[in-house]
Amino acid sequence: MDLSQALEITSCTDPGMVRSHNEDSIAADPANGLVVLADGMGGYNAGEVASGMATTVIITEMRQILANTKPYDLDSGTSEEIAARLVRDQVLKANSSIYQAAQSQAQYAGMGTTLVVCLFYDNRMLVAHLGDSRLYMLRDGEFSQVTRDHSLLQEQIDSGLITPEQAKHAQHKNLVTKALGIDPTVEPEIREYEVRPGDIYLLCSDGLCDMVEDGDISMTLEALGANLKLAAQQLVQMANDNGGKDNVSVILVRVLREYPAARGVMGKFLGWLK
């Protein structure tokens with residue numbers, strides 16, 4: 001099923017006002033309902049190599065797989081849908097590619113990247129993430145953060161050591177506890193959500209959420225939501241206007257209409273049994 005008629009996708013990325021080059025990488029495959037955002041880390045150009053590898057591997061591999069397989073197909077052994085396994089496998093493949101490159105080439109030593117992957121299918125959205133790049137949702141005027149950062153700061157908030165307000169002014173905002181490519185293997189956090197027509201989803205690097213308050217992001221999406229491209233450009237401009245201390249990237253996805261899976265009779269029957 002071609003989802004390019006059910007989803008409107010736009011993006012914008014910028015080096016910011018301080019960095020000389022952009023270590024963020026964004027990619028989309030609208031027909032397959034797939035979007036990927038990565039924020040690289042590492043010396044020289046290693047960060048952009050890591051993030052570029054992540055988006056390229058995941059988009060390329062998933063496109064090839066989805067040409068012959070549907071995310072809602074059932075695993076013959078477990079009778080569970082294969083979507084989560086498909087996404088997890090490609091994230092792990094990207095992790096191995098980045099890790100091996102970092103081990104074999106001195107200039108890439110220690111490189112890694114955060115990651116947010118969204119796969120839309122069957123009126124749902126599967127999200128896999130690592131690190132502190134985020135996914136937000138605007139639904140019926142309510143703006144909320146969908147992902148939870150894998151960061152030292154978030155752990156300190158969770159344990160009550162600091163308040164969310166204190167966290168805004170912390171010095172160690174960018175210390176992530178999970179990332180792609182740092183270790184030989186990694187376990188992405190994967191969740192699935194029901195979506196509704198009219199929803200707007202925002203994937204962003206921390207260059208946006210560190211520089212722009214959630215309330216201002218929400219107001220911008222509500223005010224400019226009818227023009228997603230303008231909204232994306234405005235969010236990036238706001239981050240730069242507030243100092244632009246980091247690269248800033250956003251992907252916006254609007255759900256235009258329902259996109260139920262085109263299952264056969266047997267598929268529907270097995271789905272009812274789940």
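## A walk through the predicted model

Ser 79 sits in the loop between α1 and α2. Keep in mind that this is a predicted model. The phi of Ser 79 is near 60°, a positive value in a residue other than glycine. Most residues other than glycine have a negative phi, and most peptide bonds are trans. At 43% relative accessibility, Ser 79 counts as partly exposed. There is another case to look at: Asp 140, with a phi near 50°, again positive and again not a glycine. Asp 140 is found in the loop between β7 (134–139) and β8, and with 70% relative accessibility it counts as exposed.

Which residues of α2 are buried? They are Ala 83, Leu 86, Val 87, Gln 90, Val 91, Leu 92, Ala 94, Asn 95, Ile 98, Tyr 99, Ala 101 and Ala 102. The cover over these buried residues includes α1, β4 (112–113), β5 and β6.

Leaving aside residues up to four places away in sequence, Val 91 touches Ile 58, Leu 115, Val 117, Leu 130, Leu 180 and Pro 188. Val 91 and Val 127 lie 36 residues apart in sequence, with 12 Å between their C-alpha atoms.

Now for the wider packing. In soluble globular proteins, nonpolar side chains tend to be buried together. Here the largest nonpolar core has 36 residues, and the members that touch the most others are Met 111, Leu 115, Val 117 and Leu 180. At least two residues of this core come from each of β3 (34–41), α1 (46–66), α2 (83–104), β5 (115–121) and β6 (124–130). What does Met 111 touch, not counting residues up to four places away in sequence? Its contacts are Met 41, Gly 42, Ala 46, Val 49, Ala 50, Met 53, Ile 98, Ala 101, Ala 102, Gly 181 and Ile 182. A second, separate core has 23 residues, including Cys 209, Leu 228, Val 236 and Ala 239.

**Salt bridges**

The structure holds 14 salt bridges. Here are some of them, with the N to O distance and the relative accessible area of each partner.

| Pair | N to O distance | Relative accessible area |
|---|---|---|
| Glu 8 and Arg 254 | 2.9 Å | Glu 8 28%, Arg 254 14% |
| Asp 29 and Arg 63 | 3.3 Å | Asp 29 6%, Arg 63 41% |
| Arg 148 and Asp 158 | 2.4 Å | Arg 148 45%, Asp 158 46% |

Take the salt bridge between Glu 8 and Arg 254. Glu 8 lies in strand β1 (residues 7–14) and Arg 254 in strand β11 (residues 248–255), so this pair ties together parts that are 246 residues apart in sequence. Glu 8 is partly exposed, whereas Arg 254 is buried.

The salt bridge between Asp 29 and Arg 63 also links distant parts of the chain, with Asp 29 in strand β2 (residues 24–29) and Arg 63 in helix α1, 34 residues apart. Asp 29 is buried, while Arg 63 counts as partly exposed.

Then there is the salt bridge of Arg 148 with Asp 158. Arg 148 is in the loop between β8 (142–145) and α3 (152–158) and Asp 158 is in helix α3, so the pair ties together parts ten residues apart in sequence. Arg 148 is partly exposed, and Asp 158 is partly exposed too.

Elsewhere, Glu 81, Asp 122, Arg 124 and Glu 192 are linked in a network of salt bridges.

**The largest pocket**

About 600 Å³ of space lies in the largest pocket. Its lining has 24 residues, and those nearest its centre are Arg 134, Pro 164, Lys 168, Cys 209 and Asp 210. Two or more lining residues come from each of α3, α4 (164–167), α5 (206–209) and α6 (214–224). Which element gives the largest share of the lining? That is α3, with three residues.

Note on methods
Residues are numbered from 1 along each chain as its sequence is written. This is a predicted model: local features need pLDDT of at least 70, side-chain atom pairs count only at pLDDT 80 or more; totals for chains, interfaces and linings use all residues. Side-chain values use heavy atoms; hydrogens and water are left out. A nonpolar core is a set of buried Ala, Val, Leu, Ile, Met, Phe, Trp, Tyr and Cys residues joined through side-chain atoms within 4.5 Å. Buried means under 20% relative accessible area, exposed over 50%, partly exposed in between (1.4 Å probe, protein chains only). Helices (H or I, at least four residues) and strands (E, at least two) are DSSP runs, numbered from the N terminus. Contact means heavy atoms within 4.5 Å. A salt bridge is a side-chain nitrogen of Lys or Arg within 4 Å of a carboxyl oxygen of Asp or Glu. On a 1 Å grid over the protein atoms alone, a cavity is a set of points where a 1.4 Å probe fits but cannot get out, and a pocket is an open set with protein on both sides within 12 Å along at least five of seven lines; lining residues have an atom within 4 Å of a point. Grid points are joined across faces, edges and corners, and a volume is the space filled by probe spheres set on the points.
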